[in-house]
Amino acid sequence: MRNLHRIVSAAAVTLAGFAAGLQSGPVDAGTLERLKSYGKITLCADRDLLPHSSSAMDPPGFDVEVAHEVARHLELELGFQWVAAFKGHRAIRNLYSGDCDIFMGLPNDKDFLKEAFRLDVTEPYYTGGFAVLLSKDAPSTNLEDYKTKGVAVDIMTVPDFRLFERGFERKLYYGTAKVVEAMKSGEVQAALVPALEAGWLAHTHGELGLRVLDRTEKQYIYPMGFGLRKKEQDLKQAINEALAKIEASGRLKELREKYGVVDLKPEDGSTPEKKAAVEGGSGEKAAPTQVAEAKVDAAAPAAGSAASSLESDFPSDPASIKKGYSLYKQACYKCHGPNGVSGGTRPDVRMFAGDHYEMFAIVQAGIVDRGMPAWNDYLTETEMKQIVVYIKSLPKPE
Amino acid sequence: MKSRWALFASAATTALLVGMAGQALAAEWTAVTDERLQSAEKNADDWLIYGRTYSSLRYSPLKEINTENVSKLKPKFQIALGSIEGQELTPVVNNGIMIVAVSQERIDAIDVKTGERLWRHEIKVPADATQFTCCGKITRGASLYGDKVYFATLDSRLLAIDAKDGKLVWEKTLADYKAGYTLTMAPTIVKGKVMVGFSGGEFGIVGQILALDSETGNEVWKHRTIPQPGEPGYDTWGKDSAKYGGGAAWLTASYDAETNLTFWGTGNPAPWNADMRPGDNLYSNSLIALDADTGKQKWYFQHVPNDAWDWDSMNEALLIDTKIKGKDTKAVIQAHKNGYLYTFDRATGKCLQTVAFSPLDWGKLDENCKMIVKPDKRPGVDKKATFCPSYFGGKGWAHMTYNPENSMVFIPTTDMCVTLHHEETTYKKGTMYLGAGGEIPEPGKGMLTAVDVSNNKVAWAWNNPSPLQSGSAMATGGGLAFVGTFEGDLVALDQKDGKELWKHRNPSGIVGGVISFNAGGKQHIAVVSGYGGAFPLWAGTGVPPHIKNNVNPGATLTVYALD
């Protein structure tokens, strides 16, 4: 699930800007023919991200096995391009640049596709999203009961943003495996994490007695399909046909069971809404969902009503800016320079291209291997926001 | 086919033989004994100690390269060191083997005759370590003792590495780097004791110097630079401020065998906001003399009581024997951030003379060497003051050099001012403890300033368009003063008049020390270039545009010789 949540989260915060400058090309009807001439279809997958994929092939992973079945139906061999899926849109870029033909585990979600508009996603091969994970001793199965105690989330994912908006105390971790570790040590009892990974970790850590609830809020549910280049509609159609056959034969169900895939259902018992792709999707009319709104709030404050939400998320009154300036001196000055003026060897924060939310995400999680600390461990959320507000208040250099 | 095979075989055999011969001729490690260290003055071939000698003079008596022929000096080889961090090191050379500590990433042993690498030791520093240090992933270098190389890591471990193969012999964790205790200095090693002082004055540490057994890493003594409750001097820290009082001794010490004293400069008190720590704040911003065997403080001199400017006294102490006011004196000289060069009596710490070597506007020193500061030059809470030199100092940490033959000291100098104000702050683990903010009104410039210590007068100053804040200087017996610049120039000046006789542009800016040694009967000069460190991080508008726009990071070792 990591590729999903990274991509969904990346989509929420960065993909829009990155995709904006790209053109979607004309439809190319000869994709299948081209692939057949090579005899091979190439999957971009993470080298080490079970239950999705593993280059060690022991086991190969849910995505890889489903891709194998599809390739067999297309009479093609399956090739691999190993990528770092946690790098979000950078991983998808491999697809754009032609390093591979398919990238699995992307949400068939119109807002996601609107942002990644050179992409298209096939019919789902499972219903994924974010599930409630509970430790053995968790006293309640209702997430609301953990509102003040804290719910563990994977940093910068949809639940991170959503629970923040809903006023939950969040405990932030980098990756679902870290959440499970925290459950093991008793740090947390409840989490809202990618369902596929949660199911897998609960399955492989049977001794912990973790529970994954298959009921979750509607907005956390995504139908997951194969991502491919939008112009390659003939390939999309062929994969859809193959998936229908594999589903009908019962093979897909077998694989879902093998990898402990939790089939998420909405809490109210209704059938999950299909979020149709912009074109060539299931044909059902997509109702605007709360996720879509959440993403607009979190990602695209430029438009319309978002302005008021920006001010409520990042109050920019003089007192907040002043506090932000003090905090800047405690945390940021020593690399990014006095008053936001870089001496040249570290990024000039005044030139940061993204919005408040993107800057906040970086302040929070850091880019640790490049020397940018994860301030989440040292500063409160309010403090990190004050820093962002201070930096955003600085005049841009000439 | 047969003949071709035979030819191939004989070529292979020849290569093998040549390889073996090469091995036999390759440089071999010679134990770095106390005797060799203590007589380093007389051995011009090596550069065994950070400051070349225990007296930290950075003076090489070699004179093959001199004012007559330096114009013909050429790079003999260059090696890319594979780092984009600032290269603040001074390499050391023992019998033709150079030990190069590449930032906090690796240590290379290089055969200086061939440029071949003999071994490499990879240093593993946690990815988050730079959060807890002011100035990047830097080191000033590795130190040698016996058959080992000693290295202090940013995350406060001491590594003892086998000098013959680069393998780790042992390591010792000395402090919690997440509380701001970091190590950036090249250790001082005297008589089997490895001494290090922690950096972290911007993170509210309590300054500490440790002496560790060179064989086991076990602590022999520990000296706190800041008194704790019940200790003398504690009353100079109002508002319980000694708890996070700073006073980091963050540069390599000098050692005097005759008095058995080590000389350390201590850094700024924390936070920078002086109102939060009423009193003199002993022994921050002081020169302290510690007994090498016990760590006991023999004497101290505090240059800047109740510091409001970040004017550390961390600077190296040079031990010199010369005539002061006409009298033969065993002295110690120290150039200060505040722009003054101080001369002290080595045994007692008595201040003998001072002279301003850098532009300054804050006031002056009186006859007792005490600062008399103009009221408008002292920043306070919500009180801005513009003063020169800035917090980078008239002399930053770039080391000066002294030629005992002519009593001249050559001081890398920064000409830059700052506008600073103070504010209330609270200590918070993992963040800086400053309580100050400011701005540098205009880009800094630099000089190499020559002072004749015997008459206490500035002799000349050579000007550079950027500060000489970080590149250490070296004087030679050939009448030359070398220094590296942010532009990347290694420059050779005439000691007599400061005339520029030669320069060579390195691939990146120079922020470390230049050295000289003898190998294969020839004098060599070496420097590691690689822009970075505190200046580009902290100077902001003080960085000259030609440096900000034109200088890229990237580490290279360049070794020079005459043809």
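Colleague: In which loop is A:E75 found?

Modeller: This model is predicted: local features need pLDDT of at least 70, side-chain atom pairs count only at pLDDT 80 or more, totals for chains, interfaces and linings use all residues, and side-chain values use heavy atoms, with hydrogens and water left out. Residues are numbered from 1 along each chain as its sequence is written, while chains are lettered from A and ligands numbered from 1 in the order in which they are written. Helices (H or I, at least four residues) and strands (E, at least two) are DSSP runs, numbered from the N terminus. A:E75 sits in the loop between helix 3 and strand 4 (77-83) of chain A.

Colleague: What phi does A:E75 have?

Modeller: Most residues other than glycine have a negative phi. A:E75 is not a glycine, yet its phi is positive, at about 60 degrees.

Colleague: Which residues does a cis peptide bond join in chain A, and what is omega?

Modeller: Most peptide bonds are trans. In chain A, A:P59 lies in the loop between strand 3 (53-54) and helix 3 (62-73). The cis bond joins A:D58 and A:P59, with omega about 0 degrees.

Colleague: Where is B:P271 found?

Modeller: B:P271 is joined to B:A270 by a cis peptide bond, with omega about -5 degrees. Its place is the loop between strand 16 (261-265) and strand 17 (286-291) of chain B.

Colleague: Is helix 3 of chain A roughly parallel or roughly perpendicular to helix 9 of chain A?

Modeller: Angles run from 0 to 180 degrees between N-to-C directions, and axes are lines fitted to C-alpha atoms, for helices over the stretch in contact. Under 35 degrees counts as roughly parallel, over 145 as roughly antiparallel, 65 to 115 as roughly perpendicular and the rest as oblique. Helix 3 and helix 9 of chain A pack at about 110 degrees, with their axes 9 Å apart. Helix 3 of chain A is therefore, relative to helix 9 of chain A, roughly perpendicular.

Colleague: Which residues of helix 9 of chain A make the contact with helix 3 of chain A?

Modeller: Contact means heavy atoms within 4.5 Å. Helix 3 of chain A brings A:V66, A:E69, A:V70 and A:H73; helix 9 of chain A brings A:I239, A:A242, A:L243, A:K245 and A:I246.

Colleague: Which residues in helix 10 of chain A does helix 9 of chain A meet?

Modeller: Helix 9 (residues 233-248) and helix 10 (residues 251-258) of chain A pack at about 75 degrees, axes 4 Å apart. That makes the two helices of chain A, helix 9 and helix 10, roughly perpendicular. From helix 9 of chain A, A:L243, A:I246 and A:E247 meet, in helix 10 of chain A, A:R251, A:L252, A:K253 and A:R256.

Colleague: Is helix 15 of chain A oblique or roughly perpendicular to helix 16 of chain A?

Modeller: Helix 15 (residues 356-365) and helix 16 (residues 381-393) of chain A pack at about 130 degrees, with axes 9 Å apart. Helix 15 of chain A is therefore, to helix 16 of chain A, oblique.

Colleague: How do the residues of the contact of helix 15 of chain A with helix 16 of chain A divide?

Modeller: Ala, Val, Leu, Ile, Met, Phe, Trp, Tyr, Cys and Pro count as nonpolar, Asp, Glu, Lys and Arg as charged, and the others, Gly among them, as polar. A:H356, A:M359, A:F360, A:V363 and A:Q364 in helix 15 of chain A meet A:E381, A:M384, A:K385, A:V388, A:I391 and A:K392 in helix 16 of chain A. By class, this contact of helix 15 with helix 16 in chain A has six nonpolar, two polar and three charged residues.

Colleague: Which residue in strand 22 of chain B does B:L341 stand opposite?

Modeller: Strand 21 (residues 340-345) and strand 22 of chain B pair antiparallel over five bridges. Opposite B:L341 stands B:V355.

Colleague: In the hairpin of strand 5 and strand 6 of chain B, which residue takes a positive phi?

Modeller: Five bridges join strand 5 (residues 106-111) to strand 6 (residues 117-122) of chain B, and the two run antiparallel. B:A109 faces B:W119 in strand 6 of chain B. The hairpin of chain B has five residues between the strands, and phi is positive, near 80 degrees, at B:G115.

Colleague: What area do chain A and chain B bury between them?

Modeller: Buried area is the accessible area (1.4 Å probe) that two parts lose on being put together, summed over both. The contact takes 25 residues from chain A and 34 residues from chain B. In chain A, A:Q330, A:K334 and A:Y378 lose the most area to chain B, together 32% of what that side buries. With 52% of it on carbon and sulfur atoms, the area that chain A and chain B bury is about 2400 Å².

Conventions. Two strands pair if DSSP finds at least two bridges between them.
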